Structures are given as structure tokens and as C-alpha cells.
Amino acid sequence: WRSSVPLRHRLRGPSMRVRPLAALLSLATVAALALAPTAAAAPPATGSLDGPPPLCGVWTSRVVASGFALLENIAALPSGDLLLSEMSATSLTSSRPDQGALWRLTPGGTRHLVTPITSPGGIVVDGNQAYVTFGNSIPSLILNTPTSGITRVDLATGQRTTVATGLVMSNGLAALPGGRLLTTGGAGANDHPTLVEADGTHRPFAPWITSSNGIARDPKSGDLFIGRSFVHPSEVVRVTERGELVQRYPFAGIGPLVGADDLDLAPDGKLYVAQNSGARVVQIDPSSGAQCVVADQQWSASSIAATDANTLYATSLLGTVTEYRRG
């Protein structure tokens, strides 16, 4: 379906489905994380904590696909198709190898299974290959078990090659120069990003970025934007490739009830953030810090792919893919 009515004024969706699911994802960590501190030494924050930002004008929406299990991440291919990482509901609490998959989806809604992957998370596209995190499960997080990693998938054949192992709940993913990868550790208070070298060895990256989640890299400056979910306030931090803090972009609201999840940088430089618990898609202008809302009824928003300055695709933990177009 498609609507040109501003999203804030539409009827509310099935909130009774959403809030229990958000609670399931949060309760394992929120007790310890709700008031977890943000970085002590930081430049002035850019953004407002006074209330939700205004609408970003009018965006139309269209449900491209539904009926998936939990959709954790999305990435756009040059062809216009989308890659989706799907987890089953029980994959959050177990590590069975048959629970999870990488899918290819056309803008028209046709889906094709690329390959099964255990509890997949972040996706990075590199030509005819994709890097995907696996083992993105709550037991790995709570028990601090290094059962997660990164796999490389041949998109033509579905063949997988393990790139890194020994990670804990590897979630978000970004590519750095020199064949390096940066991955985040989910939503725990002590879960910081991890730098994976081209040979698969890895080490902590900017350990002060706790409760790290989605990552996007600015190809012009090389800076990284990293979402922090279960801190207060929930925020996006901008850091250099050495992990030095450049800027903070906090969100209004109680941190865990906002839940900054995955994010993506559009070709025009605007940053788009999926607020999982807050059920919003928010735009940030990194230069000014100005924020506005693209959609405030994107229930259990989990990931964003900004294919151009006027087109976004958002996934949800309810198994939907929604297209948003400006105007």
C-alpha cells in the first residue's frame, strides 16, 4: 500500500504485538543498562533532548514484503535488490544452525533464499560478495560466549567462507580500508565495537562505546557513525577510524525506550536511524545535528538502507520491509 498522509497522523498500528517483543529484546539487558553512562569526555552534543523532532515533510510508504521472521538487517545491492538477514524468534535464545537465513528481495517483493546463516546480523556488500555477521544471539551476549563471527557469502552461489570467529554477539558491521571490518557487540553495557583485521584477528575498538549497535562509514571523511541502544540518552556517536570522538547526536526520551538500532548514510550525507523501541525512523544532518522524523509508526524498526536521497527501506522485527519515498 502507499499513502501520502503524514505518517504521524495515521492510526496507530498493533502496539500490543510490538511492546511485548521490544520487552523481550530489552529485559535481558535493560536492568543493568538503563542508566549506563555515555562517554565522560565528549564534545558538545548536537541535537535536542526537549522532545521528539519534527516531521521531515511528507514521505509516502509502501510495504514491500511481510511474513518474514525477525528481520535484523538490510543492505542495498547496485542492482536495486535488497539483502535481508532473518532470524527466527527462537534463534534469539538458542544457537541451532538451521535458524537464520540471508535473503535477496527485489523492490517488487520477490524473495530468493541466498543461504542459511545462524542468527545473522549486519551486512556489508562488496561487489558480488557480502559479509554477514552470524551468532547474533542473546545467550552469546549474556554468557559472554565467543560463538559469533563473520562470514563472506558469494551472492551468485551462496557459498560461504568464514572470515572471523571468536566474537561475542556480533551485530552491526562496516567495512574499513585495507580489508578490515568493524563489528559491534549487541546491546550490553560492556559491548564495544571490535576491529577485525584482514587476516581475521581482532581486538577491541574504542571500548568506551558501550551498548554499540548499528554502524555506517562516511566514505568522504572516513568517520564512523555508531548507534548506542541501551544507554541514556540513546545516541549516535561520530568517531574517527582511530576511535576518537568527533560528535554526539543524542535522542529525546528514555534511552532504552528509544533504542537507536541500525543506521545508514544516504548518498547526500544524511544519516538515517532506526529507533527500535521508539518505532521511528529519524533523519540526522551530521553537519548541523538537526533531526527530523521520517516515520513514527515503523514498529520495532531494526535496520535502514538509504538507496538514494529520497528512498529508504526499513526492516522490522515483525518481519516487514517498508519503502519510504520523499514527497
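A cavity, on a 1 Å grid over the protein atoms alone, is a set of points where a 1.4 Å probe fits but cannot get out; a pocket is an open set with protein on both sides within 12 Å along at least five of seven lines; lining residues have an atom within 4 Å of a point. Grid points are joined across faces, edges and corners, and a volume is the space filled by probe spheres set on the points.

This is a predicted model: local features need pLDDT of at least 70, side-chain atom pairs count only at pLDDT 80 or more, and totals for chains, interfaces and linings use all residues. Residues are numbered from 1 along each chain as its sequence is written, and side-chain values use heavy atoms, with hydrogens and water left out.

Searching the whole structure gives 2 cavities of 30 Å³ or more. The second largest cavity holds about 40 Å³ of space. Its lining includes Pro52, Pro53, Phe251 and Arg280.

Now the largest pocket, at about 730 Å³. It is lined by 33 residues, and Ile215, Ala216, Arg217, Asp264 and Leu265 are the closest to its centre.

Last, Ser229. Is Ser229 buried or exposed? Ser229 counts as buried because its relative accessibility is 3%, where buried means under 20% relative accessible area (1.4 Å probe, protein chains only). The side chain of Ser229 makes a polar contact with the side chain of Asn213, at 2.8 Å. By polar contact I mean a pair of N or O atoms within 3.5 Å; within protein, one must be able to donate a hydrogen and the other to accept it, and residues adjacent in sequence count only if both atoms are side-chain atoms.

Notes: Buried means under 20% relative accessible area, exposed over 50%, partly exposed in between (1.4 Å probe, protein chains only).
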